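Here are my notes for when you have the model open. Have a look and then go through the points below.

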Amino acid sequence: MVAKSRGIPLTTLLLILFLSAIVPTSLSDQVLNSKNPRPSSSASSLGSSVAFQIKGNVYPLGYYTVSLAIGNPPKVYDLDIDTGSDLTWVQCDAPCQGCTIPRNRLYKPNGNLVKCGDPLCKAIQSAPNHHCAGPNEQCDYEVEYADQGSSLGVLLRDNIPLKFTNGSLARPILAFGCGYDQKHVGHNPSASTAGVLGLGNGKTSILSQLHSLGLIRNVVGHCLSERGGGFLFFGDQLVPQSGVVWTPLLQSSSTQHYKTGPADLFFDRKPTSVKGLQLIFDSGSSYTYFNSKAHKALVNLVTNDLRGKPLSRATEDSSLPICWRGPKPFKSLHDVTSNFKPLLLSFTKSKNSLLQLPPEAYLIVTKHGNVCLGILDGTEIGLGNTNIIGDISLQDKLVIYDNEKQQIGWASANCDRSSNS
Ligand SMILES: *[C@@H]1O[C@H](CO)[C@@H](O)[C@H](O)[C@H]1NC(C)=O
């Protein structure tokens with residue numbers, strides 16, 4: 001959490017059909033069933049991956065989590081999956097301020113503190129004037145998210161048992177944060193989860209640590225289902241050989257974010273005034289955020305297009321800033337999507353890199369039965385010119401963050417986990 005189109009010429013349409021055909025609907029089965037690992041694409045010893053089942057949804061929960069086991073004997077923690085930040089942290093029995101889960105489910109530190117002189121500590125305390133009393137002192141950290149939520153604590157190491165898709169169980173000792181002072185200003189970090197699973201490409205992320213230990217390739221992917229749930233994986237074994245649309249990551253000096261672009265917005269297959277957006281892919285954000293100017297243009301396009309349709313503004317619904325009511329309450333998105341046009345983001349630096357955003361990728365139906373725009377004004381919450389592609393726009397896609405090749409990719413997919421596995 002830093003802090004989220006469909007204009008379809010015929011060739012693109014063919015591409016979509018092609019994509020849906022080659023991404024197997026049972027991908028999640030293959031990912032999660034370690035007895036039938038997909039054959040590794042390369043002979044590399046790093047061909048193995050780790051897969052997790054995801055829980056959660058965009059609305060009403062607003063987050064997706066995985067269960068991570070930590071310690072020996074291990075205890076399980078539900079962590080928000082966040083490709084927008086690096087550090088993994090858990091609510092900590094230290095004692096704690098702003099801890100929101102029962103004390104018996106807090107992480108109890110066992111003394112494996114990371115020292116201030118440790119390279120990982122240096123990476124987290126990136127501020128040039130970070131206070132480190134001496135190389136053997138503890139390593140304090142503080143992470144602040146774009147919505148002003150934060151966690152403060154100390155870095156430590158513990159066993160994180162992981163089951164690989166090749167059937168092996170490993171017990172790497174990884175560094176993470178023990179958070180004893182949390183603030184929950186906005187929605188993130190979510191108060192109902194035990195912490196955050198930071199999946200950014202910085203040195204401190206668990207992904208980078210597993211890569212440094214030689215256990216996986218530096219690749220993470222997720223598939224978030226529109227019906228809730230989905231799956232997450234580390235490593236490249238589950239990346240399809242073809243059918244993935246790739247676009248390069250932008251090298252940003254200051255941050256660890258998965259930033260891409262520039263991309264142009266299309267509305268109902270037609271170009272718009274919204275061009276050259278840089279976009280951060282952030283699974284820690286439930287919604288998509290455009291800068292003020294782009295947001296205004298989008299709202300105008302959507303509003304004008306709704307003229308003459310049986311939808312009127314529902315200002316009393318405070319679920320999201322912009323909502324509409326129909327003749328009678330909507331039960332699901334399916335009841336209302338025909339009133340809305342597809343959006344599309346076209347990444348101009350890479351050929352044929354189109355991110356399709358059908359109405360399902362930018363609308364929610366609230367518990368009051370209204371439909372709301374899930375692309376929000378980021379400038380309003382202090383994001384400035386930053387644009388974020390959040391969970392709402394990443395649903396039912398396999399999204400792959402490849403730090404080895406410095407690229408991000410996506411393909412249509414059915415992200416449901418089948419009930420028999
Ligand atoms: C399975 O993968 C892990 C992680 O890459 C590796 O350490 C382990 O040796 C592999 N096990 C087998 C049996 O190949």
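1. Start with Asp282, which sits in the loop between strand S16 (277-281) and strand S17 (288-290); strands here are DSSP E runs of at least two residues, numbered from the N terminus. Asp282 is buried, with 30 other C-beta atoms within 10 Å (buried means 20 or more other C-beta atoms within 10 Å of the residue's own, placed from the backbone). Keep in mind that this is a predicted model, where local features need pLDDT of at least 70, side-chain atom pairs count only at pLDDT 80 or more, and totals for chains, interfaces and linings use all residues. Numbering runs from 1 along each chain as its sequence is written.

2. Asp82 lies in strand S3 (residues 75-82). Asp82 also counts as buried, with 27 C-beta neighbours inside 10 Å.

3. Why look at these two together? UniProt, in an unreviewed entry, places the feature "active site" at Asp82 and Asp282; such annotations may be inferred rather than shown by experiment.

4. On to the core. The largest nonpolar core has 114 residues, and Val90 and Leu155 touch the most other members (a core is a set of buried Ala, Val, Leu, Ile, Met, Phe, Trp, Tyr and Cys residues joined through C-beta atoms within 7 Å). This core takes at least three residues from each of domain 1 (24-234) and domain 2 (243-412), with bounds from an automatic or database domain assignment.

Terms used: Helices (H or I, at least four residues) and strands (E, at least two) are DSSP runs, numbered from the N terminus. A residue is buried if 20 or more other C-beta atoms lie within 10 Å of its own, exposed if 12 or fewer, and partly exposed in between; C-beta atoms are placed from the backbone.
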